[in-house]
Amino acid sequence: MASNPPGECCTKGTLHKGTPRGESVKIDGGIEGYLSRPQGKTKGDTAILYMPDIFGIWPNSQLMADTFADRGYTTLVIDMFNGDQLPPKLPEGLNLMDWFSNGSDGKNPHTPNEIDPVIVKGLQHLRSLGAKRIGAVGYCIGAKYVIRHFKDGIDVGFVAHPSFVQKEELEAITGPLSIAAAEFDDIFPQDKRHESEETLAKVGQPYQINLFSGVHHGFAVRGDPEVKLQRYAKEQAFDQAVAWFDNHLVQ
């Protein structure tokens, strides 16, 4: 495995302040999404599919989508969890792996069988909006689905503190991939970073792995902006993603 299964560190973080300016949308089959469009100059016929962490479509992911749009990329945050995303204040006694296997009600699992078709429909929706080249960003569990879906039309990928990624999935990517990693991360620790580096070198696609010191799993989307080190790492990881797309996605 290129990264470990999600754990307690995936549930921690800071709720960010701000007012999202995008719009709620429904795509094929009634799947919920949050769409943010550039208000100024666009990056041509490109778009970004945003695959969130376990908190799904929430202020942090919405505000980040707005910021990608500010950089010229139409961005769609997709509801990977069929309305069963976890709230920022988690239910007491929640078993995260049971939530993945069975959902909050025991009848709504969040496994590739359920999530893969949602990602495909998200990509199709962006194409219907005129996108000819699609980048994808994924955080924590969302990273797994960026890596899984190069085969379905993702041209360029960026992931941060990935979880649940299988080595075979990483070996199968067909486009450039950039990774932002935390120094302290039980899900994507040093040995998994090195294993991923070795795998990517063999794959032969352009790749990048940036390591941010002093931060923990989740920093790129749930870091505390009031803490200088965390704010810096979060902002730099975002800039890493944008620079990667500007270089590899825009033609």
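Which strands and helices do the buried residues of α1 pack against? They pack against β2 (31-36), β3 (46-51), β4 (74-78), β5 (133-139), α7 (219-222) and α8 (228-248). Buried means under 20% relative accessible area, with exposed over 50% and partly exposed in between (1.4 Å probe, protein chains only).

This is a predicted model: local features need pLDDT of at least 70, side-chain atom pairs count only at pLDDT 80 or more, and totals for chains, interfaces and linings use all residues. Residues are numbered from 1 along each chain as its sequence is written, and side-chain values use heavy atoms, with hydrogens and water left out.

**Overall build**
- The protein has eight helices and eight strands; helices (H or I, at least four residues) and strands (E, at least two) are DSSP runs, numbered from the N terminus.
- Its radius of gyration is 16 Å, close to the 18 Å that the globule rule gives for 251 residues, so the protein is as compact as a globular protein of that length. The radius is taken over C-alpha atoms, and the rule is 2.2 Å times the number of residues to the power 0.38.
- Along the principal axes, the C-alpha atoms fill a box of roughly 45 × 40 × 40 Å.
- Of the 251 residues, 52% count as buried.

**Contacts**
- Contact means heavy atoms within 4.5 Å.
- Of the contacts with a separation of 6 or more, 71% come from residues 24 or more positions apart.

**Helix α1**
- Helix α1 covers residues 59-70; at 1.5 Å a residue its twelve residues should span 16 Å, and its end C-alpha atoms are 16 Å apart, which agrees. The expected span is 1.5 Å times one less than the number of residues.
- Nine of the twelve residues of α1 are buried, among them Leu63, Met64 and Phe68.

**Nonpolar cores**
- A nonpolar core is a set of buried Ala, Val, Leu, Ile, Met, Phe, Trp, Tyr and Cys residues joined through side-chain atoms within 4.5 Å.
- The largest core has 42 residues; Leu49, Met51, Ile54, Ile78, Met80, Ile119 and Leu177 touch the most other members.
- Beyond its neighbours within four places in sequence, Met51 is in contact with residues including Ile78, Met80, Ile119, Val137 and Ile154.
- A second, separate core of 29 residues includes Ala160, Ala220, Ala241 and Val242.

**Annotated region**
- An unreviewed UniProt entry places the feature "domain: Dienelactone hydrolase" at residues 31-248.
- Over residues 31-248 the chain is 40% helix and 22% strand. The end C-alpha atoms of this stretch are 29 Å apart.

Notes: UniProt positions renumbered as here; feature names shortened; annotations may be inferred.
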